Amino acid sequence: MLRAHTVDDVRRAEAAAMADLPDGALMQRAAAGLAAAVLDLLGGGYGRRVLLLVGSGDNGGDALWAGARLAARGVRVDAFLLSDRTHEAGLAELLSAGGRATRDLDDLDPRPDLVVDGIVGIGGRPGLRPDAVAVLERFADVPVVAVDVPSGVDVDTGRVDGPHVRAALTVTFGTHKVAHLVDPASLACGALHLVDLGLDLGAPAVEALQPDDVRALLPRPSVDAQKYTRGVVGVRAGSGTYPGAALLAVAGANTGLVGMVRYVGPERVADTVRAAHPEVVGNGRVQAWVVGPGGGDDAATMLAEARADDVPVVVDADALRHVTGTLPGCVLTPHAGELAAMLGVERDEVEAAPLEHAREAARRWDCVVVLKGHHTLVAAPDGRVRVTTTGLPWLATAGAGDVLAGLVGALLAAGLEPYDAASVGSWLHGAAATEAAAGGPLTASRVAVHIPQVVRETLAPPRSGMLG
Ligand SMILES: NC(=O)C1=CN([C@@H]2O[C@H](COP(=O)(O)OP(=O)(O)OC[C@H]3O[C@@H](n4cnc5c(N)ncnc54)[C@H](O)[C@@H]3O)[C@@H](O)[C@H]2O)[C@@H](O)CC1
Ligand SMILES: [K+]
């Protein structure tokens, strides 16, 4: 599991660790990891040129100590000091290693290979001051390595309300922070590299499933499995106007993860579904329903009928408009626009603070909420949040959500808890999209086709090491 903690969590863990360590030991670990990552990115040391942007706090200290290590490896290191206050020991170390420091923009090496953003870290307020904006603009074409977090983002919420750094790589310390995983800040981080500090941290604020976690959670048939014991999922979707949504939701449900798939909808649509998926049968008992894709005016009835069965329901698309009371045990799968309409706010507000809105929705409707986006969020009513880091921008395509709803429904019917069904479904959906795209465009139908292959690869035992 990839875990992200709040600033308070990190401060507490760092204080506990520092009580047992010599002064500055954590900063040395951080700086060593940062310097190694920068050397890796530069492809070597001697002759390379690095510009450090140094703020007043320990984030600047990390940059200076790492800069000293780089200078010792033959890198030309210029430090631009953004404040009258500078980490003194770090600055002295940089200068004695042969680095240079200035407060004058015109004194800087005009052509650095890399900028290191040590403006602010977890102690920073969101936004950047004009001097930081000016230097970033001057070197706008140079890749940036962010120290701990891209300066200017709101570390605990992932909001980006003002100017901020856009990094090619973020080297973080001790644990991931919320901003690394949650949009829109996650979009400013580039690749992530975690340097271990040996911190003892508690429960994370948000987490992201990794292949091992998905492997452990994925349902698989027991040796004496029958189709009914493996779970039956029902899909109520599609209408005369949107027959394709039914096909896609059924495609997402019918990937072999359950024993049986039922479809309930207009006869003409049912014929099309059966023609494409001959295994699919009609109405009957199910362990979970998927309701809403392409439902149009029938969505309210679809939701009421599914709810009458007293099994978990995945509520998607048109059915989301008909959610009234709480839905314990169910899963809502809105995109930002749909969630905004449900909460009575503007879409922009949801996009600016998806974590806050997903959490609020999960609390309000007392169910799991999947807020779809670049990094889809899965929020549980008890406050837990998982972030999906699989997938790619090509997945922003019509019908992809229908496939996801069907897939999550199948995992619910197979017996996963709603939080696991939603997060595992979202993870598989993203991974299947990446396989389907193979570096190029994709369509929603192709995502469904690739799900079994992703399940196969995920279930395969990890390759053994030398001792394995
Ligand atoms: N606490 C620890 O044990 C460790 C901290 N480390 C580093 O220390 C960082 C935290 O250091 P600090 O607590 O000193 O805080 P920061 O260095 O993140 O920033 C705080 C300083 O920046 C100023 N500031 C706040 N917002 C600003 C803004 N928007 N623009 C310009 N200046 C602003 C503040 O006045 C304050 O002086 C971490 O992010 C990490 O890089 C690492 O060395 C690992 C160990
Ligand atoms: K930074």
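Around ligand 1 sit 25 residues, and Gly 57, Asp 58, Asn 59, Gly 121 and Gly 123 come nearest. Helix H1 (7–19), helix H2 (25–42) and helix H3 (58–72) are the elements that each give two or more residues to this shell. Keep in mind that this is a predicted model. Two of those helices come back below: H2 packs on a sheet, and H3 packs with helix H4.

**The shell around ligand 1**
- H3 gives the largest share of the shell, with 4 residues.
- Sorted by class, the shell has 10 nonpolar, 9 polar and 6 charged residues.

**The sheet**
- There's an open sheet of 7 strands here, with parallel pairing and the order S4-S3-S2-S5-S6-S7-S9.
- Strand S4 (100–102) and strand S9 (191–195) stand at the edges; each has a single partner strand, so one side of each is left without a neighbour in the sheet.
- On average, and ignoring direction, neighbouring strands of this sheet are turned by 20° against each other.

**H3 against H4**
- H3 and helix H4 (residues 88–96) pack at an angle of about 15°, and their axes are 8 Å apart.
- With angles under 35 degrees counting as roughly parallel, H3 and H4 are therefore roughly parallel to each other.
- Their crossing is left-handed.
- H3 makes the contact with Gly 61, Leu 64, Trp 65, Gly 67, Ala 68 and Ala 71, while H4 brings Gly 90, Leu 91, Glu 93 and Leu 94.
- That contact of H3 with H4 divides into 6 nonpolar, 3 polar and 1 charged residues.

**H14 against H15**
- The crossing of H14 past H15 is right-handed.
- On the H14 side you'll find Val 403, Leu 404, Leu 407, Val 408, Leu 411 and Leu 412.
- They meet residues of H15 that include Pro 418, Ala 421, Ala 422, Val 424 and Leu 428.
- By class, the contact of H14 with H15 holds 11 nonpolar and 3 polar residues, and no charged ones.

Definitions and conventions:
Residues numbered from 1 in each chain as written. Chains lettered and ligands numbered in written order. Predicted model: local features only at pLDDT ≥ 70, side-chain atom pairs only at ≥ 80, totals over all residues. Near = placed C-beta within 6 Å. Nonpolar A, V, L, I, M, F, W, Y, C, P; charged D, E, K, R; others polar. Pairing = 2+ DSSP bridges. Axes fitted to C-alpha atoms, helices over the stretch in contact; angles between N-to-C directions. Contact = placed C-beta atoms within 7 Å. Parallel < 35°, antiparallel > 145°, perpendicular 65-115°, else oblique. Left-handed = near helix turned anticlockwise from the far one by under 90°.
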